[in-house]
Amino acid sequence: MTTNKGVNRTFLITFLIYVGGSFLWSLIGKRFVDSFYVDIAVSQLLVCVPPFVYLKISGTKTGELIPYKKIRISDALLAVVMTYLFYPLMLVMNLLTMFFVDNTSAELATMGQENLFLNILFVALLPAFVEEFVFRGVFYQTYRKSSMKAALVLSGLLFGCMHMNFNQFLYTFVFGMILVFMMEATGSIVTSMICHFLLNLNGVLLSGLNGSIRNASVSDAVQQSSNLASQPKILLAGLLVWGVIAVFTTAGGCAIWVHLARKNGRLELIQQKMNEAKRERIVTPTLVIGMVLAVAFMVVFEIF
């Protein structure tokens, strides 16, 4: 079995276990433990266990697919600045989807205990570690061996698919690709974890201001900022305003990214890898089945 076939099967298994496990937990588990934080922990466990098992079965060392190394404080600060510069772009992506589908943050909001520490731990920090391990680690790094360009897009698509609804799909897809560039700029997954954590943290803090804590999603901050956009004219006005802002902030974020990649001696390497021809087939029937099932689930979610 090639590595791509292996991770593609892992994605299908992860999707099935996540959907099935979530259903069983809501049906049986919550009768015994009805806790917002346990729900998040269970969902993250369902996402990370199949990829972790795949690493063990395939004999792949974790270090081969998780590019961890310490980063400089200055690099971490640049990652923080870039996170907030790319934020308006995420908001624009969210507003675009709201012309066609409902704001799932409002529909799927889950009340949590008023404990800021636990909210930060379970809603902001835990997903940042788990989802970076899975999507920017296992999936992206495996696909990267065949083609960085294809790995960039495909890992973003899988990240979007696992959010299970069309409203979140578009901007988590874009956000997933941004996280890849963040990681590549320093060669460390720590950079993308910082960015991921900050976006989640925004959601926690904004939810706290509203007196509730939203679902454990990477894009909570984006969702919170668009709660007032309930009419087409308001949506269009918000899209135009934030679109203009996003043009300038995204350009600024890209400029800082180039500086960060060059500062770490990785800019030429990234350019070279992006231009390399694909070495091995990435898309397999198993992957197609997994993505079709994910889209079908999203369609059902929108209907019901």
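T3, G6, V7, T10, I13, T14, I17, Y18, G21, S22, W25 and K30 of helix 1 are in contact (heavy atoms within 4.5 Å) with V38, D39, V42, S43, L46, V47, P50, P51 and Y54 of helix 2. By type, the residues of this contact are 12 nonpolar, 7 polar and 2 charged (Ala, Val, Leu, Ile, Met, Phe, Trp, Tyr, Cys and Pro count as nonpolar, Asp, Glu, Lys and Arg as charged, and the others, Gly among them, as polar).

The model is predicted: local features need pLDDT of at least 70, side-chain atom pairs count only at pLDDT 80 or more, and totals for chains, interfaces and linings use all residues. Residues are numbered from 1 along each chain as its sequence is written, and side-chain values use heavy atoms, without hydrogens and water.

**Exercise 1.** Describe how helix 1 and helix 2 cross.

Step 1. The axes of helix 1 (residues 3-32) and helix 2 (residues 36-58) come within 8 Å and cross at roughly 155°. Axes are lines fitted to C-alpha atoms over the stretch in contact, with angles from 0 to 180 degrees between N-to-C directions.

Step 2. Helix 1 is therefore roughly antiparallel to helix 2 (angles over 145 degrees).

Step 3. The crossing is right-handed (the near helix is turned clockwise from the far one by less than a right angle).

Methods
Helices (H or I, at least four residues) and strands (E, at least two) are DSSP runs, numbered from the N terminus. Angles under 35 degrees count as roughly parallel, over 145 as roughly antiparallel, 65 to 115 as roughly perpendicular and the rest as oblique.
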